[in-house]
Amino acid sequence: NEDPRGAGKFDAYKKIEIKGAWEFLNIPGSINLTPVNVGIIDTGIDSSHPEFLGVKLGNTPVDVRQDRIIVVGTTTVMHGTNVAGIIGANNISAASSANYQFPHMNGILSGVKNLDYTLEVRRKPSVFPVFSILSKISSLKESGSKIINFSSSVTFNSLAGATLFFKFKFNPDILFVVAAGNDGFDAIFVAAAIFGDCLGNVISVGLVVFVD
């Protein structure tokens, strides 16, 4: 997402060289694009936000299309909406500043022209989140998700961590994108972040934070 103060905006996109990827994928005939279904396990999604206009939400439940609001200090956050926006917002704000509505989002998938994609969102509850995630993964798999994004911070050396590991291991056809270390914990102590070191179908992703 763009830093609303303007300082450092788009740095994360530059770091991962997303512009170069877009340019390659948008060359006519460069690659055959097939429809993609991305699963997101988070707080929900604000489907009324203008940057989700026209974005397919598949079998996302009606109640999940209203995001949970989280207050961090003096800041109001809709984490699921932000995550879903980074993945697949329609980028109408990029086309015209008149379409701007906080928070501005830059969807990676929508930067690829003519890509047919769907965002499938499931809500992660605050109680026993890891065991709920297992059922959410199964639900998303049934809906056709081949990529699943979520963040979880449980101790790797625990029943929950081991259960999550085997869920990932025995679903090798799904690419899991997970947080590198939620809540300030090092990735080597956290499931599912540590799985990026030992499973080929897991990518652990860090967060760029702008501090005044």
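In what order do the five strands of the open sheet lie? In this predicted model, the order is β4-β1-β5-β7-β9, and the pairing is parallel. The largest nonpolar core has 22 residues, and a second, separate core has 17.

**Sheet**
- β4 (117-123) and β9 (202-205) are the edge strands; each has a single partner strand, so one side of each has no neighbour in the sheet.
- From one strand to the next, the twist averages 20°.
- Four bridges join β5 and β7, which pair in the parallel sense.
- Phe150 has Val178, in β7, as its bridge partner.
- In general, strands of a sheet pair through backbone hydrogen bonds, in either a parallel or an antiparallel sense.

**Helix across the sheet**
- Helix α3 (residues 79-88) lies across β1 (36-42), β4 and β5.
- The angle between α3 and β1 is about 160°.

**Largest nonpolar core**
- The residues with the most contacts inside this core are Ile137, Ile148, Phe150, Leu164, Phe168, Phe176 and Phe195.
- Two or more residues each come from α5 (129-142), β5 (147-150), α6 (159-169) and β7 (175-179).
- α5 gives the largest share, five residues.
- Leaving aside neighbours within four places in sequence, Ile148 is in contact with Gly39, Ile41, Ile137, Leu140, Ile174, Leu175, Phe176 and Val177.

**Second core**
- Among the 17 residues of the second, separate core are Phe52, Val55, Leu109 and Val121.

Technical notes: Residues numbered from 1 in each chain as written. Predicted model: local features only at pLDDT ≥ 70, side-chain atom pairs only at ≥ 80, totals over all residues. Heavy atoms only, no water. Core = buried A, V, L, I, M, F, W, Y, C linked by side-chain atoms within 4.5 Å. Buried < 20%, exposed > 50% of the residue type's maximum accessible area, 1.4 Å probe, protein only. Contact = heavy atoms within 4.5 Å. Pairing = 2+ DSSP bridges. Axes fitted to C-alpha atoms, helices over the stretch in contact; angles between N-to-C directions.
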